[in-house]
Amino acid sequence: MTDHNRIIATVDKRPFFEKALSYGVQKDIIDQEKCRTIIADGAKGSVQIADFFGSSHLHTDLDNARKRMVNLISLFLEDACNGDLEPAAISLRDNTFLSHSRGGNEMLKALHALPDCAVFGDVKSQDVKSFQDERTLVKPYTLVAYRKERQTREEDANTLAAATWFAKSMALPRSALEFTSAETVIRSALLVRAAGADSFPNRNAFATLLSTIRAQAASIGKLKIAKKLLDDIPEEFIKISDKVRREIEKHDAPLIANSAIALDELRNTVELRYFVRESGMDDVEEFDTLMSEEWRRVTGGKEDPFSRLTAFLCIAAEIKPKTIISEAEAKSITRKVRQHGFNSAAVADFISSAAPFEMKENLLSLWEEEFLPEATAYLLDLDDIKYLSALKFLKENCNVKLKSASLDRKKAA
């Protein structure tokens, strides 16, 4: 093997401060007098740092203080000089040793002051001293890691500021945003603008927004959040707002535009990605009504299990759903299911597409686990030639209008 193929790579893992100091001495940038001054200032600074984090009387604390100081100076110098050893050595020559240490500490404090997530009112996981303690000794930042963290936190700060601007523009008080993701606020604001509304939605209004935007999408064949909606936004908030706009188009627009997805299912699928104002119980009930137009039409607004099961029975027999049937209709349904069976899938589809979201699981259980097995046993019993057992079962579980008014049972109560 020739000599030019024998290349040994060297890796210098020394802290940047040590590399800059060695470079300065080798290049005659830093003389011996300056070195003595640096040593004296280092000893003084180590005592101060040891006292801050522990005790200057313990050798371990003093040794850790020296490491902390080297890490702080290295971070400051490498950032200020962008990794160039010559200007770093000149800085060590022209400025005090302790000023470099303070510079690194100020960088950490400034980083800690930035939000560590884009959530309003979120409590920081560390106080500033704990943060300094960790980041000067246990997990000191490399320059790359520091700059990456600073960029992330600056983006979070900008996202919070943008959300605050949108909230203020629509007269939403700051108190309403506690523990709310700033990005959800921006996302809701853009949806509000796209729908031509002027305020942040509560649960009911959010459903209306989705319905309005879905209708717009149907009229043009696709859903687009126009970029011109950002025209009046301050320049510093354009980037984050446009990012959110594109995310809506990519992830939510296909769902909103898909009319096969029931409105309540759509709302429950996308709502967590949006800011929706708190609603009282009255609003919840109103919302359920709004979400379930088909449900209300079929059930007639009746909420008792007898009415619901009567409607389900009709659907399963593939006749027009009713919440009350006559004895003759009950016999007709029995005859039909004996010939063709129960279309249980149709009932499940109706519940899935039309029932209020919070009720779907219970309603499916009511139909499939409680009612259908017994109904199958009674209505499909071919030995029950006169339908006596079938009618008795239906009268006990559904709304069957009797011939004699005196025999009517008050089930709705």
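I started with Trp165 and asked how open its side chain is; at 23% relative accessibility, Trp165 counts as partly exposed. I kept in mind that this is a predicted model.

Next I looked at Phe166, which counts as buried because its relative accessibility is 0%.

Then I searched the whole structure for aromatic pairs and found 14. Trp165 and Phe166 make one of them, an edge-to-face pair with 5.1 Å from centre to centre and 80° between the planes.

I moved on to Phe206 and Tyr274. Their ring centres are 5.5 Å apart and their planes meet at 45°, so I noted the pair as tilted. Where do the two residues sit in the chain? I found Phe206 in helix H9 (residues 203-220) and Tyr274 in the loop between helix H11 (263-270) and helix H12 (281-291). They are 68 residues apart, and the pair links distant parts of the chain.

Are these two partners buried or exposed? Phe206 has 0% relative accessibility and counts as buried. Tyr274, at 5%, counts as buried too, because the cut-off for buried is under 20%.

I stayed with Tyr274 to see what lies over its ring. Arg187 lies over the face of Tyr274, 5.8 Å from the ring centre. I made a note of another arginine as well: Arg68 lies over the face of Phe53, at 3.9 Å from the ring centre.

My last entry is on an aromatic cluster. Which residues form it? I listed Trp295, Phe312, Phe350, Trp367, Phe371, Tyr378 and Phe393, which form one cluster together.

Conventions. Residues are numbered from 1 along each chain as its sequence is written. This is a predicted model: local features need pLDDT of at least 70, side-chain atom pairs count only at pLDDT 80 or more; totals for chains, interfaces and linings use all residues. Side-chain values use heavy atoms; hydrogens and water are left out. Rings of Phe, Tyr and Trp (its six-membered ring) pair if their centres lie within 6.5 Å; planes under 30 degrees apart count as stacked, over 60 as edge-to-face and the rest as tilted. Buried means under 20% relative accessible area, exposed over 50%, partly exposed in between (1.4 Å probe, protein chains only). Helices (H or I, at least four residues) and strands (E, at least two) are DSSP runs, numbered from the N terminus. A charge sits over a ring if NZ of Lys or CZ of Arg is within 6 Å of the ring centre and within 35 degrees of the ring normal.
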